[in-house]
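Here is a short briefing to read alongside your viewer. Take a look at the chain below, and then we can walk through some of its features together.

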Amino acid sequence: MLSVASRARLLAATALSIAVAAVAAAAVVVPAQAATETVVINEVESSGPDWIELTNTGTDAVDISGWIVKDDKDERTDAVPAGTVLAPGAYYVFGGPDMTFGLGKADAARLFRPGGGLVDTFTWTTEAATTYGRCADGVGAFTVTAAPTPGASNACATPTATPTATSSPAPTPSSSPGVPLPPAGALVVNEIESNGDDTDWFELYNTTEAPIDVSGFVVKDDDDSRTDRLPEGSVVPARGILLVDQKTATQPGFDFGLGNADRVRVFAPEVATLVAQASWTEHAPGTSYGLCPDGVGELRITSTTTKGAPNDCSLPVRINEVESNGGTPGDWIELVNRSASEVSVAGLVVTDSEVAGHRYTIPAGTTIAAQGRLVLDESAFGFGLGGTDAVHLFDADGETELDATSWAGHAATTWGRCPDGTGAFAVTAESTKGAPNRCAGETVVEAWPGGADVTVLDEEGTFAGDLSGLDWADGGLWAVENGNGILYRLTGERLAPSSSWTLRYPDGTGRVDAEGVTAVGSNVYVSSERNNAQGSVSRPSVLRYTPVASGGDPLAADAEWNLAADFPGLGANAGLEGITWVPDAFLTEQGFLDQRTATAYDPARYPGHGDGLFFVGVEGTAKVYAYALQESGAFARVATVDTPFALVADVQFDRGLLWVACDEACDGRTATYEIGPDGAFAATHVYARPANAPNVANEGFAIGAACADGVARTFYADDADTDGFSLRSGTLACTAGAEPEPEPTVSPEPTVSPEPTVSPEPTVSPTLPATGGAPSAAELVDDVRGGLVGPASVAAGGTVTLTVPRAAPGQAVHGWLFSTPTDLGAATASDSGTVALMIPASTPAGLHRIAVTDAAGAVLGWTELEVTAPHGAASTGSAGSTGLAATGGDGHVAGILAIAGVLLLAVGAGFARRARRG
């Protein structure tokens, strides 16, 4: 599991390559496909107004009438107008009004012939400050240009290569041609990200006044067997930065992960001379390690990550919440320490809008604990805050501004960051002086309904990392380890390994990235993100195994359901995490809704699927999906469950509840779900981790069946093996009244590795918090379009991903469909400004308008949207119907449910184990 907020630990053994980008580009650019046509994509503008430039590099004119231009969404049909002929050396700019879609911050530009043949493609992972263009014009690799030049030759800066990946199976002999070695100290490792971003990465900094060519230099972590080489054209600019990134399915890069205690080393091509290195003993919590100042300072935790840009070495203290009217005992200002270490704030200066006249210096000796808060009261700072006012925070020099916020009227509650500590300022849901901010639409987090403590179970070094999914059955635990693809049976009081199996795919090959596990009858089902022998290729699969008692020998799967067709664009490190099984008898009794048909779930509709559905958690979308896995090898997605988390680490069905667990990215929180009156699983509670439990990388969660002294045991698997331990146990309070779940019928033998039948995904809008109300249709005029862009069309029942430039990261928004306003529910804007909204299956076909409003009902933007008839049951669906954002990383955006109340846990005191686990 490698995610936005998870540990970086990809253990892949495929061809190795490295992507680099100069600091001037501040982007990792995926090289364009080598063009076999004379017409190529030459320049791309994605920051508005968007356009794609083509050029003819050949000697003959080319008629490009009807050629299709697409972004990363396959359903695009925009065509070059009839009569368009591109002369040799000429340029053609494809944009509005012919171009009906917008280009995202992470997107693609693709050119197809009218019959569907791909001509050229270019993909990027972050927005260029100017444009992306070929340098040299028409024939070179893509890089960030000096300035946009639509319809003209590209403005190329001093070339900095965006190299094609290379691989070296063995060190290059010292006698081979190479580049001169840099002087000692000329290159330093400037910043390292090992656990917080989608990929691991590091920067090289050139401390000299001349560029340094590092082509062919070798990159290693603490493993001496690494042979990754920087490709030709890798140059560190004078006093500049070279970004070295990790490989993904769509981006070249180094093909290993950086661990919790690890190092980065860069060697000269002969692999004998070490030219730069940095090491650390644990992941930088939430940010990165960086030199402060750049290139010359000591390596320390940064305030924020600055991938490919100068390090953020500012004091990690920000204004977090302000009370300007009616506080107790008066006005107050709350500061927050966003770092994982205590910081001194002595000498910092706080002012209101009268910067020169109203100044308060924080007294000597004042500190803020790690992730802590400091409240400054009016009685201390000596001035009141007005209805139209501001707060400024200056460094100890009294001049360097660290943070500031202003407002145009007293807040009914307080003025604070939403989300807490990191988001933009907004009116809060309530005053939370000295505590985390409460924001409109946020989930209410309750105390864990069990013991405050957890206990280590395993002996030190038993697993050595990568322990992931857990499941309790027959008085013991099933557990999986993702790095080497191992299935464990854990038994005894301390649940030590009694048997283990190395997992293989049905053909006996591969190394299964085993992330989740659930036992059904005599079978064990494992959810996986990829084959670790091909670590950059997504393979989101459910595999079925029949373990033998002895363990030991490699165990081939009986069957595989590869769900990749349902998740186009899903990253190799963002796939299936947890898995659990829910009996049909429970689902039908509770009135579960089949979102494919928008009718009550009927198990007979899915012949040969056994007696229940499999619920899988997907890391990259932060959603849970219900699947019928059929004996023929076909599969059908029956429902989608949104979560309030940034990712899903594990799922369990226990005590009549669906449990969804997140790891340290969500502070170890767990949510429970029940089937509501509308037939959909709805969140009922979100719980904090046990009060005394560490916030570690718990990728596995399970609940023991038996109750003793009013509690059931809980189990946690720590992927990071913190302090040498991977398995911990806690408790969950029990109450009487649970009925055993029915014994499942084991699914008939499926066809191994079949071609899947994929079904579309209509969705049902959940019950959502109150909003500022629907805008009127008359408000949707051109002046308030707001630059909002989205797909040209979507099937009724599908999901659309919109880019809303006016929405701040983390902002709560609401969606509406017109002409008659239809409530599409609440959502939260992602870091890249995208919002995912579900189109009701009952929406009539035709041209509609889709609008996004803020919490107060003000229009943030709107655009046209063609809604087509729902897909038939045999349809292969579309990118819009999968619920996965096509930009790959924002797909987890979901409605945030307001959750309150107290959970009544249905735990039978005499329930020795779940009856379904035969």
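The second largest pocket of this predicted model has a volume of about 570 Å³. Closest to the centre of this pocket are D50, G102, L103, G787 and V789, which belong to a lining of 34 residues.

- Strand β65 (residues 859-868) gives the largest share of the lining of the second largest pocket, with four residues.
- By residue type, the lining of this pocket divides into 14 nonpolar, 14 polar and six charged residues.

**An enclosed strand**

- Strand β63 (residues 834-838) is largely enclosed by the rest of the structure, because five of its five residues are buried.
- From β63, T834, A836 and M838 point one way while V835 and L837 point the other way, and all are buried.
- Strand β60 (residues 799-803) runs antiparallel to β63, and five bridges join the two.
- Opposite T834 in β63 stands T803.

**A five-stranded open sheet**

- The order of the strands in this open sheet is β35-β55-β54-β53-β52, with mixed pairing.
- At the edges lie β35 (445-446) and β52 (650-654), each of which pairs on one side only.
- Inside the sheet, β54 (residues 670-675) and β55 (residues 681-687) run antiparallel and are joined by six bridges.
- T672 has H685 in β55 as its bridge partner.

**Nonpolar cores**

- In soluble globular proteins, nonpolar side chains tend to be buried together.
- Here, the largest nonpolar core has 31 residues, and L587, F592, L613, F615 and F681 are those with the most contacts inside it.
- At least two residues of this core come from each of α2 (584-589), β49 (612-618), β50 (623-629), β51 (635-642), β52, β53 (657-661), β54 and β55.
- Strand β51 supplies the largest share of this core, four residues.
- What is L613 in contact with, leaving aside its neighbours within four places in sequence? The list is T580, W581, V582, D584, L587, F592, Y601, A626, Y627, A628 and V638.
- There is also a second, separate core of 26 residues, and V236, A268, A276 and Y289 are among them.

Notes:
Residues are numbered from 1 along each chain as its sequence is written. This is a predicted model: local features need pLDDT of at least 70, side-chain atom pairs count only at pLDDT 80 or more; totals for chains, interfaces and linings use all residues. Side-chain values use heavy atoms; hydrogens and water are left out. Two strands pair if DSSP finds at least two bridges between them. Buried means under 20% relative accessible area, exposed over 50%, partly exposed in between (1.4 Å probe, protein chains only). On a 1 Å grid over the protein atoms alone, a cavity is a set of points where a 1.4 Å probe fits but cannot get out, and a pocket is an open set with protein on both sides within 12 Å along at least five of seven lines; lining residues have an atom within 4 Å of a point. Grid points are joined across faces, edges and corners, and a volume is the space filled by probe spheres set on the points. Ala, Val, Leu, Ile, Met, Phe, Trp, Tyr, Cys and Pro count as nonpolar, Asp, Glu, Lys and Arg as charged, and the others, Gly among them, as polar. A nonpolar core is a set of buried Ala, Val, Leu, Ile, Met, Phe, Trp, Tyr and Cys residues joined through side-chain atoms within 4.5 Å. Contact means heavy atoms within 4.5 Å.
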